[in-house]
Amino acid sequence: MTAPRPLVAGNWKMNGLKAQLKELTELAQGFDDALKSKIDLLVCPPATLVCPAANATNGARIAIGAQDCHTGVSGAHTGDVSAQMLGDCGATFVIVGHSERRADHGESDATVRAKAKAVLAAGLTAIVCVGETRAQREANEATAVVGRQIDGSLDALFDPAKIVVAYEPVWAIGTGLTPTTADVAQMHEFIRHRLVALYKEAGAGVRILYGGSVKPSNARELMGVKNVDGALVGGASLKAADFLGIAAAYR
Ligand code: PEP
């Protein structure tokens, strides 16, 4: 099987008022045909901007996603948003199990799996995040932790074509720190084996993104690692120029 088509995804987190949408215009201008032929580009703004962002990127081949969703379709869940609602707004991806949600909202692997199931049921693609903390890495538990998260957050019944896995070491998010390329290669190979065990040949086609302090200056090196099929980018996705600088790793 040929390597999966790379995906460069931006996670704006809880950042961005309507004025931030101008970055999408700049992004659309910089996402030229040469780049379009090589990678998929995705922006996940806060829920308030999913609809206008999808309208703003209509026709630009920039996908819009959300950062979280509820496990259900509708009902008495004040303040929550379902995957179906996000799809109705134009989202085609939903991030689930980001470490900030696992930490801030106590989301367990079972919850993440239920959310991923809801995303797939809505016809969207789930980006399932996994990654160890600094303490877990220092205790040599990184692969055991990520293995548990993969097993607990995915399901053999999921359609692998609708799954993306993002490996994001918690200690690398927003810190400017990154693992060595050898550590990234080791973890991505481990995740690949897990995906093949779960989905057989189709597991080879599941995109595995690296996330954690990706910036234009380190993107080429990180994206060049075997089994790294793109990036999940936080801070550096807020400015179109920086995000395009990361995508340029694939030129
Ligand atoms: C993230 O939160 O998904 C992330 C990778 O953040 P940053 O790029 O800012 O480290």
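The model is predicted, so local features need pLDDT of at least 70 and side-chain atom pairs count only at pLDDT 80 or more, while totals for chains, interfaces and linings use all residues. Residues are numbered from 1 along each chain as its sequence is written, and side-chain values use heavy atoms, with hydrogens and water left out.

**The ligand site**
- The ligand is surrounded by 14 residues (a heavy atom within 4 Å of it), and the closest are K13, H98, E168, G174 and S213.
- That shell splits into 4 nonpolar, 8 polar and 2 charged residues (Asp, Glu, Lys and Arg count as charged; Ala, Val, Leu, Ile, Met, Phe, Trp, Tyr, Cys and Pro as nonpolar; the others, Gly among them, as polar).
- Ligand oxygen atoms sit 2.5 Å from a side-chain N or O atom of K13, 2.8 Å from one of H98, and 2.7 Å from a polar backbone atom of G174.
- On its own the ligand exposes 300 Å², and the protein buries 95% of that (Shrake-Rupley method, 1.4 Å probe).

**Helix α10**
- Helix α10 spans residues 216–223, with N218, A219, L222 and M223 buried (under 20% relative accessible area, 1.4 Å probe, protein chains only).
- Those buried residues line one face of α10, because they fall within an arc of 125 degrees seen down its axis (taken from the directions from the helix axis to the C-beta atoms).
- The face turned away from the buried side carries S217, R220 and E221, which are exposed (over 50%).
- Cover for the buried residues of α10 includes α9 (181–199), β7 (207–211), β8 (230–233) and α11 (240–247) (contact means heavy atoms within 4.5 Å).

How values were computed
A polar contact is a pair of N or O atoms within 3.5 Å; within protein, one must be able to donate a hydrogen and the other to accept it, and residues adjacent in sequence count only if both atoms are side-chain atoms. Helices (H or I, at least four residues) and strands (E, at least two) are DSSP runs, numbered from the N terminus.
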